[in-house]
Amino acid sequence: MKAYLDNAATTQLDPEVLEVMLPLMTEQFGNPSSIHSYGRAVRSSIERARKSIAGILNAAPAEIFFTSGGTEADNTAIRGSIETLGLKHAITSRIEHHAVLHTLEHLSKAGMIKLSYVNLNEKGEVDLEHLETLLATNSRSLVSLMHGNNEIGNLLDLETVGDICEKYNAVFHSDTVQTMGHFPHDLQKLKTNFIVGAAHKFNGPKGVGFLYVRPGIKIAPFVHGGAQERNMRGGTENIYGIVGLAKALEIAYRDMDAHRRHIEGLKSRMIENLRSKIEGVSFNGNSADLGNSLYTVLSVSLPPSDISDMLLFNLDIAGIAVSGGSACSSGTDIGSHVLNELQIDPDRANVRFSFGKYNTEAEIDYAVNTLADLYKKEAVSL
């Protein structure tokens, strides 16, 4: 048996999405910047997709800009707002995705901004009082805090942070890559200036995403070289990716309640089974709090063991796909910056299980039983 439990890294393409993409890979092959009929037909597909996404998120089509994914969207929002709006100070946390952290650290080292880090508690939750203190002493700041942490599943209260940012005239950017398509976002109600999405996190294609820019905010492009995306991103558009993105988001919202019930059931089942079968298991951040975390992510901390260093390898051999943290850090020796910041015991093995709509109870049981067997075998060998 196999079990794919790394959906926070990427998800399986939905067949309905592939169906709408295929014609744009074959007969509808025009360049959307061309003025002839081939180009006009494809341009219409892009604008229909933009209108669909805007309607789902309660935004205007002119506020949606297509990108190559979440990383480019984050970079565009951060660099564009700092360079165009003249911001000299930015606030983030030390457990953000590297698309945010590395960008802000680069700008700080270049002398373009002063960078501050908001305090976190032992669970990785943002200290909102400290955020206010930082904003009160630094006028016109950029605040960049993610909605859902990709490693430990913590959720940020976007409404409260938006209110705080509005109070201090701050520009608020939130990386919503892990929550887009899994939680509703009403952009008329939220006070975010920028949010982002990546299609492959909600059963769409890889290599395509979008940036939402609130009306009244005008920033320079991150990618130069053409007038595409209303002069906001140079380069020929990823047409079939854009159409697939729109369809994937439509399906995600259409079936969100059912998918959430199904996935929460799988996560709850795994938590209960792990607690009953592995003594000393614990969970990082808020990931085991079903009402206060990403229902798609469970960060598991396992007891110190001689098998810790080879645990992911052994699970992979058994056909179980998981992550030790963020997929973007796989293959490095430095470990997870998120778990390091939370001061998780380095002798404990940490596994991120992440769930999707195609997962089954059988996969959950197989993963837990395999993990428990690995620990039992070690106990016998000792």
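**Strand β7**

I started with which way the side chains of β7 go: Phe-194, Val-196 and Ala-198 point one way, while Ile-195 and Gly-197 point the other way. All of them are buried, and I noted that this is a predicted model. The strand runs over residues 194-198, and five of its five residues are buried.

Next I looked up the neighbours of β7. With β6 the pairing is parallel, over two bridges, and Ser-174 sits opposite Ile-195. With β8 (residues 209-213) the pairing is antiparallel, over five bridges. There I found Gly-197 opposite Phe-210.

**Helix α4**

Then I went to α4, which covers residues 98-109. I got 15 Å from its first C-alpha to its last, close to the 16 Å expected. Which of its residues are buried? My list reads Ala-99, Val-100, Leu-101, Thr-103, Leu-104 and Leu-107. A reminder to myself: residues three or four places apart on an α-helix point the same way, because there are 3.6 residues a turn.

I also checked what those buried residues pack against: the helices α3 and α11, plus the strands β3, β4, β5 and β6. Just after α4, I spotted Gly-111 with a positive phi of about 80°.

**Cavities**

What lines the largest one? I found 16 residues, with Gly-181, His-182, Asn-203, His-259 and Lys-357 nearest its centre. Both α8 (239-254) and α9 (256-277) supply at least two residues of that lining. By class, I noted eight nonpolar, six polar and two charged residues there.

Notes
Residues are numbered from 1 along each chain as its sequence is written. This is a predicted model: local features need pLDDT of at least 70, side-chain atom pairs count only at pLDDT 80 or more; totals for chains, interfaces and linings use all residues. Side-chain values use heavy atoms; hydrogens and water are left out. Helices (H or I, at least four residues) and strands (E, at least two) are DSSP runs, numbered from the N terminus. The expected span of a helix is 1.5 Å times one less than its number of residues. Buried means under 20% relative accessible area, exposed over 50%, partly exposed in between (1.4 Å probe, protein chains only). Contact means heavy atoms within 4.5 Å. On a 1 Å grid over the protein atoms alone, a cavity is a set of points where a 1.4 Å probe fits but cannot get out, and a pocket is an open set with protein on both sides within 12 Å along at least five of seven lines; lining residues have an atom within 4 Å of a point. Ala, Val, Leu, Ile, Met, Phe, Trp, Tyr, Cys and Pro count as nonpolar, Asp, Glu, Lys and Arg as charged, and the others, Gly among them, as polar. Two strands pair if DSSP finds at least two bridges between them.
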